[in-house]
Amino acid sequence: MSFDPADPAFRRRRPGPRLSRRDVLRGGLWLGVGIGAAPILSACGGSGTSVEGGKAPYPLARPDKPVTLPLKDSNPPIDDGLDPETGGTFQILNYDQYMAPGVMKDFGDQHGVQVQVTPYSNYDEMLAKIRTPGESFDLVFPGPSVLSKMVYTELIQPMNHSYVPNLKNVWPEFQDPWYDREARYTVPYTIYGTGVFYRADRVTSIPDNGYDLMWDEAYAGKVYLLDDLQEAIGMSLLRNGISTDINTSNAADVQEATDSLIDLIDLVNVKTDVSAYSEVPEGTATIHQCWSGDPIAGQYYLPKGETTDVLAYWRPDDISEYVIGSDNIAIPKSASKPVLSHLMINDLLDNQIGLRNFGWNGYQPPLTKLSAQYLIDQGYIPENLMNAVVRREDLDSGLTFYETEPSTEALWRQNWARFKAGG
Amino acid sequence: MTRTDVATRVEAESPPAKRRVPPWRNPWRRPYVLWTITWLYILWSLVPVLIAVQFSFNDGRSRSTWQGFSTQWYCCAEGSIGEDPSLLLALKNSLILGAATVLVATPLGVALAMGLTRWRSRSSRVANGIALVPLVTPEIVLGSALYLVMVNLYQFVPLGRPAMLLGHVTFSVSYVLVIVRSRLLSIGGDYEEAARDLGASPMQAIRTVLIPLLMPSIFASAMIVFATSLDDFVVSQFLFGDASNITVPIKLYNAVRASPTPALNALATLLLVGSFLALILAFVGLRTRRRGRGTRSALEDLADYG
Amino acid sequence: MAKPDIRHDRATRRLWPALALPGTFWLIALFLVPFYAVMAVAFSGSINIFGEPNPAWNPLDWQFATFRQVFTDSVTGPYQEVWIRTGIYSVCALLICTAVGYPVAYYTARLAGKRRGLVLALILAPWWINYITRMLAWVNLLQDDGYVNKVIGIFGFAPVSWLSGSSFTVVMALAYGYLPYFIIPLFASLDRIDPRLLEASRDLGMSPVRTFLRVTLPLSKMGLITALVITALPMAGDYYTNTIVSGSPKTNMVGNQIELFLLQGPLKNYGAALVLLLSLVLMFFMAYYLILTQRAARDAQ
């Protein structure tokens, strides 16, 4: 081993790292690059408009203050008389198991496309998916509580009614609804109420307020809430008599309602999901907060040998406490097959196909011909589940969820996160 | 006293001591306890999966009560693999993504391993540290970070196959790095130096000497990358976008919480079969390669080259 | 000995960094930058119409209110339970892993004899079986009318509801899921112990127990620590195991909260803040592991 400093072999054996000038320069260069990159990143990265003071920059729709959603030049409807697209995938953004597979398959065969469903459990998930850059969905099913927002941010496109003549089949209230005057952006898909789906063979007695069933320790481990923050907290507001305004922005009320839900965690080991239609018939759940279509669809999930007598649905007797909702069909602006979207909407509003869809998912489409009596006469609804049918009279006096100010939404979401954290 | 007298007396007084060592102090006894524990563990580990495979052939909707044998969940009951195209699509997506990840991550990782092992400087130590961190990062951290960056910054990368591929390669590169590097360290630099002394350029030395020597570990890392990619759930769930990119783990996870049928078990069985087939293919491939090379050592290769 | 060829050396010196560069840039772009994106979202100062945070790319724009709130909520608020629960589940699952995994690894490495290949293959097999599949298998077994309840019914016990928010189920599921990943590094390090050391200690009259305590355990310490770290870190961020076998908010882990915030709602800044907090907590262990591996690599060189 040579000890001559001029010998490269010696240099390579020098022990330990030393901070040389080059290292300092290099480090400084990287630091500078990093600092300089930040403004560049901010320029090319996504940055939306900020919402000041938590108020929505558009009018919020109410039943007594109906809203005509604006048509914008930057978001025009498609032209008349276009040919339907063919080939590829027709991507539907929807709740899981919410459209009959037969209906989707027939549509796909008829037009030569592969129909797929991307599922979500609640509107927050839906919004996250539809806003993903680069994603394209051809149909989406929003409710009134997110509609104005989606129009304002141009997530959905207005409809061209020349492709949807079947709109005349729909209940008149829905041809010109309060949340979308002139049905510019949406048509109705289903209407439903919120109640409790339970096993008649396991529940010994029904209290006056059926929601109390969920707080009953006798059913511990088999109690479920809907995985929807509006429905769950709203139900708690009503059950505990905290407020009859299920869209309240009162922080104390929302907090109290959530605290009551949090009690459920320890009391009955409550869980949340949107699968009442399969869990109650299969026995996994004894008490499940549900939408009124779930019991009707539940008939088809019963294991062999069980009759529909074991299923039962509770709803408030007082119509002014019955929460009614509706889901609508809209066409996302990112749709790659908008003509097909219109055609499928037209199909879903057809009486025959609508009936077929109802027969599968249990949720009533608000079509004039398919009245509650008609459905009962046709045998779709067993005796013990007749209260699950929504009648036109229910619409007028029921409660419904509206779209609220962003600050109210934030309040509800934070409380929901508290509940989901287990208290 | 004669010697024989002593011997006789010793024998008479102390019979050959066959001391019985109690079993727990006998160092040479059979390891009964450990043997039991190990086989019990293997049973505990594998039997549930075998039962799940069994239920994929259940005649009925239940996944917990055996109702008879039937292949209806493969074809053609409603909701079975034959009838529900989303199930086969998930399988296809998983396999394609796995193969693509191997094709991208393996060269990247091998190059990284070679570069980091031989490059002696502070930058290499930093790069080395960075490359090892994905191994110990919880998947949810990696998945969240990738999701947030794809949605907010890399918006030109659509969620779905492209984003999932990028994500899978990111955590796979570290596996390749660790496996290949340990082999590189044990090989040492002698073979390459010999090649270079014989006149090869550095790239030629790598191509003809180093890579063949590394082949076993490259294969091993490719198999591990494939297995990990097939198995991945979190990164895929954050990055999949819409239904056409759902992989088998995501499909199973969503369905378990919704309305599961034995069709899920059937899908899981198919994935199992697919991954074991890939494993067997890889082994066969490795065997034939080795046989082709026969018993030639790297030095003999060098001799040929010279 | 020939003089080192200068041109040779320079070419070689340029080659290695060139080889390492693609991989390094990949990791920078897809690992370091995403981490910066997490910080940008966590420290965002404004929200858009959907309630989602606008990422703050410039560090000068960073607001720490969200992070401060998440931190306080974690220390004294509703998330405190979640963190503690995550810690307890991880520790219990790791204890089970060690109790089961160490004997199995030891047997396979040292005592399997002729059957070693078979045992090793059977132990490695779960790595090739999808994690979700393995959990699905247990969900089938733990149903109310599943085999587990049938078996305990034979012994006269009433059927137990295993899948409704039972901490026991979650801990056992975590242990079941992560054992294969735990055993492998342990096996590798036990395998490397020179058998002559063990034979020597036996010849010197040490009982198997003392041999184990005095010889095997210290030599396998590195492997055990590696196994623990490699298993503990992913386990701390696990959320899908809990969702599959429990689904109740009562057994929520930190990962569930993060998933809730990031994938099921617009409050992504809370999710990002939780991710940062989780990383900080785990960073201690991550750093320890990295130092150990660097030291081991340097020793090997």
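Predicted model: local features only at pLDDT ≥ 70, side-chain atom pairs only at ≥ 80, totals over all residues.
**A guided chat about chains A, B and C**

Visitor: What is the phi of Glu154(A)?
Guide: Most residues other than glycine have a negative phi. Glu154(A) is not a glycine, yet its phi is positive, at about 55 degrees.

Visitor: And Asn269(A), buried or exposed?
Guide: Asn269(A) is another non-glycine with a positive phi, about 60 degrees. You'll find Asn269(A) in the loop between α8 and β7 (271–273) of chain A. There are 22 C-beta neighbours inside 10 Å, so Asn269(A) counts as buried.

Visitor: Which residues does Thr248(A) touch, leaving out those up to four places away in sequence?
Guide: Thr248(A) sits in the loop between α7 (229–239) and α8 (251–268) of chain A, and its 20 C-beta neighbours inside 10 Å make it buried. Touching, or being in contact, means that two C-beta atoms, placed from the backbone, lie within 7 Å. By that rule the partners of Thr248(A) are Leu237(A), Ser243(A), Asp253(A) and Val254(A).

Visitor: Which helix gives the largest share of the side of domain 1 of chain A that touches domain 2 of chain A?
Guide: The bounds come from an automatic or database domain assignment, which gives domain 1 (89–190 + 326–387) and domain 2 (192–323 + 402–420) for chain A. Between these domains of chain A, 18 residues of domain 1 are in contact with 20 residues of domain 2. On the domain 1 side, six residues, the largest share, come from α5 (residues 144–152) of chain A.

Visitor: On to chain B: how many helices does chain B have?
Guide: Chain B has 306 residues, and 46% of them are buried. Chain B has zero strands, and its helix count is 12.

Visitor: Which orientation do α4(B) and α6(B) have, parallel, perpendicular or oblique?
Guide: Axes are lines fitted to C-alpha atoms, for helices over the stretch in contact, and angles run from 0 to 180 degrees between N-to-C directions. Angles under 35 degrees count as roughly parallel, over 145 as roughly antiparallel, 65 to 115 as roughly perpendicular and the rest as oblique. Helix α4 (residues 122–136) and helix α6 (residues 161–187) of chain B pack at about 110 degrees, with their axes 8 Å apart. So α4(B) and α6(B) are roughly perpendicular.

Visitor: Is the crossing of α3(B) and α6(B) left-handed or right-handed?
Guide: The axes of α3(B) and α6(B) come within 7 Å and cross at roughly 45 degrees, so these helices are oblique to each other. A crossing is left-handed if the near helix is turned anticlockwise from the far one by less than a right angle, and right-handed if clockwise. α4(B) passes α6(B) in a left-handed crossing, but for α3(B) and α6(B) the crossing is right-handed.

Visitor: How many nonpolar residues are on the side of chain B that touches chain C?
Guide: 73 residues of chain B are in contact with 84 residues of chain C, and α2(B) supplies the largest share of the chain B side, 13 residues. Ala, Val, Leu, Ile, Met, Phe, Trp, Tyr, Cys and Pro count as nonpolar, Asp, Glu, Lys and Arg as charged, and the others, Gly among them, as polar. With 12 polar and seven charged residues on that side of chain B, the nonpolar count is 54.

Technical notes
Residues numbered from 1 in each chain as written. Chains lettered and ligands numbered in written order. Helix = DSSP H or I, 4+ residues; strand = E, 2+ residues; numbered from the N terminus. Buried ≥ 20, exposed ≤ 12 C-beta atoms within 10 Å, placed from the backbone.
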